[in-house]
There are 2 protein chains.
Amino acid sequence: MALIVQKFGGSSVANVERIQRVARRVAQTRREGHDVVVVVSAMGDTTDELIELARQLNPNPAAREMDMLLTTGEQISIALLAMAVQAEGELSISFTGGLAGIGTEPVHGRARITAIDPEPVRQQLAAGRVVIVAGFQGVTEDGSITTLGRGGSDTTAVALAAAIGADLCEIYTDVEGVYTTDPRVVKQARKLDRISYDEMLELANLGAGVLHPRAVEFAKQYNVALMVRSSFNTNPGTLVEEEATMEQGQIVRGIAHDMNVVKVGLVGVKSRIGNLQKLFQALADAGVNVDIIVTSVVKEDQSDISFTVESENLARTTLVLDELRSAFGNPEVAVEENLAKVSIVGAGMISNPGVAAQMFATLADAGISIKMVSTSEIKVSCVVDKDLAHRAVQGLHHSFGLDASTEAVVAGLNE
Amino acid sequence: MALIVQKFGGSSVANVERIQRVARRVAQTRREGHDVVVVVSAMGDTTDELIELARQLNPNPAAREMDMLLTTGEQISIALLAMAVQAEGELSISFTGGLAGIGTEPVHGRARITAIDPEPVRQQLAAGRVVIVAGFQGVTEDGSITTLGRGGSDTTAVALAAAIGADLCEIYTDVEGVYTTDPRVVKQARKLDRISYDEMLELANLGAGVLHPRAVEFAKQYNVALMVRSSFNTNPGTLVEEEATMEQGQIVRGIAHDMNVVKVGLVGVKSRIGNLQKLFQALADAGVNVDIIVTSVVKEDQSDISFTVESENLARTTLVLDELRSAFGNPEVAVEENLAKVSIVGAGMISNPGVAAQMFATLADAGISIKMVSTSEIKVSCVVDKDLAHRAVQGLHHSFGLDASTEAVVAGLNE
């Protein structure tokens, strides 16, 4: 007898058969005696198709009108899913973000949730209904329809779970849960039963892809228990919660990799206070997300600066550097493409010195040279050649004792 | 410098090119110095596709969820049209029915408008924006999304025009305006420059098809000047307004026909007070729309009753009669199919006796026998054999002086 929020992504409701499958699962949860709130995304490619229509009419459409357009995708999903749940014999009602009391700041395309009124959802639950809420959207105080931007439906689910005091927020995906690493790269990858918010955050930011970082941050902030699990079966997934029990001897909990890295080096930058700020502000203003930054003073009045960006941001980065070069004493610009970032993540690292050293040794033993290093309290990242990234992940997975003793868990993944 | 409401149906916004054409017309009207409010329907077949999806998930979907589903069709149209108008260089904003202040009763699938708050639209007009409003929808007091049912977008346009005090409400269609009769039947059919609300109502109810009767009633009630015109060119259309100037000598303004008529005769009904009420209440309860009713007492205690229904309602009618026959003294039931109704319409009939006689004479001269007759103050309808209906329309169009002197007007119709 719990209060459960279940979130289903676009691929889980991509067609009639899949909507029926979701409806059966929702109805089953209800019949087990739980109160159920469902958060759902737009069907399959709906959002992309609407974006393409908009682009044909206006290459630079107003953000408000894009929100008006795109929120129809989720509205279609909630209505259809409510009908399907009713066809399963359970009471159900659909709510847009606005009807569900989800208030946002007056910003279009990437609004943040400012407040959630739990009453509309609670009243429907009290009346015995499954409440189906449109993900990714809210309304401003004056009633304008907004979208939450990337990862929005995950965030809706977690925020709603926090607001109504849900016991659990289940995120249904096309994988079995959170893995020690990408099972396509390492056959021995294991599904984790539990993981902490911080570890999940590092893995999410590093491209593990099953949960949006913003939703994990929200869950951590409001202490919402998250379960990442498969929408194709009833296997238990991975529970994300505070202070996850550490498994014996497992300081490193997962290995992440990102194949999309470019290193930009500026050699011989004239040292001047404020130069670093100026450079990275200009890049941020141009919408370039800078990841690792390394800087060193080589002479009294000169320094070298290196940083990594995603490869699709390289062109914009070059434009910014062209503008700033002369002010920086015309440093030499060296671009290195075809790189990858490999990271080990684990909350246990804080109290275990030598983890980074073990990582470097593992890579050295495999003949992989390290281009850059970045560390946080629960993470060490190394930039390596893209060609060698998979070998690096495999070596680290083995070296840190993450390989599964059997392959049974992995077998279910591609169902 | 007028305030104009322009309404475009689903076929006018069926694809990107058509939306751009509508946007150009809207922008042109704005550049002529007018304030413009646009009411728009869902793109092409969107509504039918959504209904089909719903049917696959639930053969009997809840009306509330159907409204939640179907209103997305208009929401997509308003967002895309607003973008397209912006691409034409004009300021524009899209409003759902709710944002436009359109309040309805708490009924789903066929809600009536209870009140319109003109302020949201007026504020946007004052800010120099073209306001694009979703047709066919509104919200209840508690924020539930409702649809207005058939003819809903026409009704939205007229009601909004009344609420904001528009000077003119233009209804764009795929024909040039309102014709003296169907140009596919009579080559000499002429477009009418003006027509009164009552005449339009009779023509609309008789199947002229360019305007929904409910919208005409609304326009009459609030004295909204309506212009029916083509979305494919800039020709002037037909102005529908109170006390339209009568053209010299034209008592009959238009000829309508309905090819879908079945006559049901009950011969030898036992006379009993309340029988007629009982019969037609039972038919209404079964959803059968009865049109012409003729009854006559043949003997002291027996009467004959004849009435017409649409042919698709014949099966339901027969079921009702099977149940009631014994209570009515087992009258003989005679069904006559393949009939049509031909009607002459004109506000001038009230003060011109002999119009019906001229109609009967015209039909007799053409060798067409009349099965039933029905009259109102501005209309005479005759039921005839379906095979002879087109000949009847042609004869009446000529006899009442409606034939065009040239065929120039008709030429534009099939563009």
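The centres of domain 1 and domain 2 of chain A, taken over C-alpha atoms, sit 38 Å apart. This is a predicted model, and the domain assignment of chain A puts domain 1 at residues 3-173 and domain 2 at residues 255-399.

The contact itself draws 27 residues from chain B and 27 residues from chain A. On the chain B side, helix 1 (16-31), helix 2 (46-57) and helix 3 (63-87) each put in at least two residues. Helix 3 of chain B gives the largest share of that side, with 14 residues. Sorted by class, the side of chain B that touches chain A holds 18 nonpolar residues, eight polar ones and one charged one. As for the matching of the two sides, 100% of the interface residues of chain B are interface residues in chain A too, so the copies meet through the same surface.

Helix 4 of chain B, residues 119-126, is worth a look of its own. Its residues P120(B), V121(B) and Q124(B) are buried. Viewed down the axis of helix 4 of chain B, the buried residues fall within an arc of 95°, so they line one face of the helix. Over on the other side of helix 4 of chain B, E119(B), Q123(B) and A126(B) are exposed. After helix 4 of chain B comes G128(B), which has a positive phi, near 85°.

Back in chain A, strand 16 (residues 332-345) pairs with two other strands, strand 13 and strand 18. With strand 13 (residues 254-270) of chain A, the pairing is antiparallel and runs over eleven bridges. One of the pairs there joins I255(A) to its bridge partner I344(A) in strand 16 of chain A. With strand 18 (residues 379-385) of chain A, strand 16 of chain A is again antiparallel, this time joined by seven bridges. Here K341(A) stands opposite V383(A) of strand 18 of chain A.

Note on methods
Residues numbered from 1 in each chain as written. Chains lettered and ligands numbered in written order. Predicted model: local features only at pLDDT ≥ 70, side-chain atom pairs only at ≥ 80, totals over all residues. Contact = placed C-beta atoms within 7 Å. Helix = DSSP H or I, 4+ residues; strand = E, 2+ residues; numbered from the N terminus. Nonpolar A, V, L, I, M, F, W, Y, C, P; charged D, E, K, R; others polar. Domains from an automatic or database assignment. Buried ≥ 20, exposed ≤ 12 C-beta atoms within 10 Å, placed from the backbone. Arc of directions from axis to C-beta. Pairing = 2+ DSSP bridges.
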